[in-house]
Amino acid sequence: MKAKQTNDVKSGGNVLAKSMIFSLGLVLLFTLTTNLLPQMEGEAPVEQEVDLGSLTIESFVALGESLFTGKGTCSLCHNDLGRAPDILGFNMVEIAIEHLNDERYKGNATDAESYLHESLVDPGIYVVKGFGKKGSNDTISPMPAIHKPPVELSDIEINAVIAYLQAKDGNDVTVSLPAKVSATAVPSVEPTTPAGTVEEIITRYGCRACHKIAGSGGELGPGLEQVDTRLSPGKIRQSIIDPDVEITEGFSAGIMPGNFAEQMRVKELEMLVTFLAGTEVAGSEKPVKTSSTNARVTGNEAEKAIAQFGCQACHIISGSGGKLGPSLENVGARLDVDQIRQSIIEPNVVITEGFPSGVMPPNFAEQMSDAQLDALVNFLAEQKGG
Amino acid sequence: MKESRYYSRLIWSMLLLITAAGFFWSGTISITGEWFSGAVASVEKVSTDTVVTEEDAELKLVPAPRPTRADYPDIGVSSRSIVWVVAQMHLFFGALVLAVPLFVLVIELLGVYTGDSRYDDMAHEFMKISITAYSITALFGGTLALALFLLYPDLMTYLMRVFGAQMMVYAILFFLESMVLYIYYYGWDALRYGNAKWVHLSLGLLLNAVGATLMVTANSWATFMMAPSGVNEVGAVIGNIWEVMKGPLWNPINLHRFIANIAFGGAVVGAYAAYKCLAARTAEARAHYDWMGYTSNFIAILAFLPLPFAGYWLMAEIYAYSQQMGITAMGGILAWLFIIQAVLIGTILLAGNYYLWSGMSRTEGSKRYQGFIKYIAMVLVICFLIWVTPNTLILTSGEIAALGGSKHPLLGALGIMPAKNIAVNLMLIFTFMSFQIYRRSDKVATVSWEKAGNALMVAIYVVAIVNIIFAGVYYGYFTNTVYKVGSSVMQVVSTLTVIISGVVLDAFLYRGAKTLPSHWGQVSNRAQYALFALPIAFTWLMALMGYVRSSVRTHWHVYTVMKDTSPDNFIPTIGYAGNMMTIVTVMFVLFVLFIFWIANLSGSKQLPPYAINKVPATERVGGAA
């Protein structure tokens, strides 16, 4: 032992070199291990332009499948490893009907399509037994709302996923194909600068298309003239951000677009909430009743009219808007000038197939000036797609 | 004299208690000072105030920026790579300088209680390493801040807005840390005995308290980016600074980093001791550094043993916060990194065990236990192989056909977490067994109940091992996924029971034991190389797990509120990440060598020319080790 110890003591001269070689060798061994393993990159979701003009149900379903495994990250949990229900292992239309009939179901869906939509945007409404958050007794879902961060699927993408879920087991696809817009550019009515007054906000987001405010507006949604007497500021905010959580008696869920939170600036949202709650925002103008007589039209009249009357709340125009009404992207190819004019003045006379009547407010003729109506009709008549 | 010493101890104990209480119960304290509330406001306040100006609304509720790719400066080199390297270097040295004073304080205290001046000298020598490392930490910290503001201006603007004055507090604490550190180090000899020693120890406590506060403050930035709190859906600040800091992952990260830093610091100073031991030119120096290396390894392994449990808590909280984030880490694209983690932790455990086995040659009493070593080694290797078994294989269609599925019929069952949980818990238990027999090897128990005590220890081992295997097999393979995770709590408790009961039992069993002679320095050189393996593996492991922690945010700077739209917003391949980790590890090793060199240099003294011929060559410049 002594001889060995002496040798050890004598070997100190090359310590630095030996320890460096040893350390480097070990580091390289770890590096080699990483380079021997499968090499995959995790790309951030890429905004893809989809040619909806040539979109078929088959390609829409294929888009849904790619979203299921890609941007939607559904397959991360919904697989056979037991973290979440194995969607690929079930007929989701049958499962949807089964869940709708479950006494635990408290949502508003009436059929498989609306159930699937609801479970994507509000997964907590019905949590499959055994898959709730730990300690929540299956009342809280660990799944994120798919239209919000971090996933952020657009409405069209959500429909594509639903189409895939319906089609994968041979069921009929009930979701309708989207009109010709960019699949990822759906609701982006985002002006460059925030609105400066409450009136601007109301006009920009077309609140009067459905709600009566300061003496004018539609009746599709509840009147907001004395909303502060029945809702707290928090509830008002919630009903703008997530309108289907609580529905005023006598009105239906699913009508008001759920994407205002994405479109509005925080400042705009807070100004609007403050106004509706009955407290005035300093520096903002009070909304005034609009009428056909005092509306002066200058510049690009059609665009201003679209913004003022909130057409995009329900219709897709120039690449963005809601889906409550038919897309107006190529309305010029379907309807002539007179038919377009009639659809605005008397919207319930002729209804586009697949859309219910009685939804569009019939009082636009009273609100618009003749110049505005003409500009809007002419603009829409020029929308011929292609 | 006695009385004043009593009061000093009392004051010191109270300081210790207050610091510990403050650290562990920080969750119940809330900061409500107006000083912090200037930059924040609640949404409710804005909506219910009768008069709120537009300027106020805009100032107080500004959403997170949404930069486009063009908003990121292009300097021709990957910005992420630059920040990756600089941040990792800062974290390495930060961990070192926060950990070393912690165990230095404990060693110093041990020196006071045992009266053994070796502890005091060793603690002082450890601080010598830390003092240079501190300067390097600050240099990399400054470089990191510069790189972030230059390369990610929108992100930094946002983080400054969210954290506001808290960042100033961090800067002030940094100055305080510097002052206390220098007084603590340079005042070592001036405050060495009597009451002055207690003043010195109090300074050490203050140094650690400030260091821990710095760490948890900086941790809040990282955890905010992973799981933001105190902000609304679009990233506008709606809570006070405490609500921003106290996200769901903050305390798990605090605990994990706190423990990991100690293990890391122990391993690095262990390498220093190993280097000095190998380079020693006298038997006395070799014995001193052998002892120092042993103590460092003891610190590193002791801190390392509970680390997987802190990691488990962190991962559980990540799953609770976002199942998607958890699965991205452990079942998604980052899952393979945990195979690398297994390789690294396996290396650490094998090296740590090997060092203990080799160290048993220091005492003749170890012969009683050497028969166990081969069995412990066998269990460690088998468990290591199970741990590195991947769950998913990349196969060709021909290979899938040949296997009859995408998983191997036998190995497939070993690739899942329950099998790995069994393996890792058994590795920890058998590492503790190595540690226990090493500690026993130079002692002979003299208590009357020795046999009964040993029988109890064996029983505890057997019950724990059976429980770990049963829980893993039953819950892992015969119940659904939810219980697989739940079973690991039973396993963790079993492992901790062995460790705690082993320490407690041995403390009583070997009270008044006969001590056999130990010969420090009488250990093979190979054992010292095991001490090099530990910091290398620890460093690489820190780089790896830091990368995993950061990457679970995927394409978000701040998860769900601020997207990363830079050209580097993708998760790179494992090979690329591995190369980056190697670069930072090698850089760290080079800087550490520089620190060792500086530490040596400070102990060297050039002899005057008239005396140079009167002393042996070995005692000239740098001659004495």
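Two residues are in contact if their C-beta atoms, placed from the backbone, lie within 7 Å. In chain A, among contacts between residues at least 6 apart in sequence, 61% join residues at least 24 apart.

This is a predicted model, in which local features need pLDDT of at least 70 and side-chain atom pairs count only at pLDDT 80 or more, while totals for chains, interfaces and linings use all residues. Residues are numbered from 1 along each chain as its sequence is written, and chains are lettered from A and ligands numbered from 1 in the order in which they are written.

Chain A has 15 helices and four strands, taken as DSSP runs numbered from the N terminus (helices H or I, at least four residues; strands E, at least two). Of its 386 residues, 38% are buried, meaning that 20 or more other C-beta atoms lie within 10 Å of the residue's own.

In chain B, helix α11 covers residues 250–279 and spans 43 Å from first C-alpha to last, close to the expected 44 Å (1.5 Å times one less than its number of residues). Because 29 of its 30 residues are buried, α11(B) is largely enclosed by the rest of the structure.

Helices α8 (residues 165–186) and α9 (residues 194–226) of chain B have axes that come within 9 Å and cross at roughly 155 degrees. α8(B) is therefore roughly antiparallel to α9(B) (an angle over 145 degrees between N-to-C directions). The contact includes B:L173 and B:F174 of α8(B) and B:L207 and B:V210 of α9(B). Its residues divide into 15 nonpolar, five polar and one charged; Ala, Val, Leu, Ile, Met, Phe, Trp, Tyr, Cys and Pro count as nonpolar, Asp, Glu, Lys and Arg as charged, and the others, Gly among them, as polar.

Notes. A residue is buried if 20 or more other C-beta atoms lie within 10 Å of its own, exposed if 12 or fewer, and partly exposed in between; C-beta atoms are placed from the backbone. Axes are lines fitted to C-alpha atoms, for helices over the stretch in contact, and angles run from 0 to 180 degrees between N-to-C directions. Angles under 35 degrees count as roughly parallel, over 145 as roughly antiparallel, 65 to 115 as roughly perpendicular and the rest as oblique.
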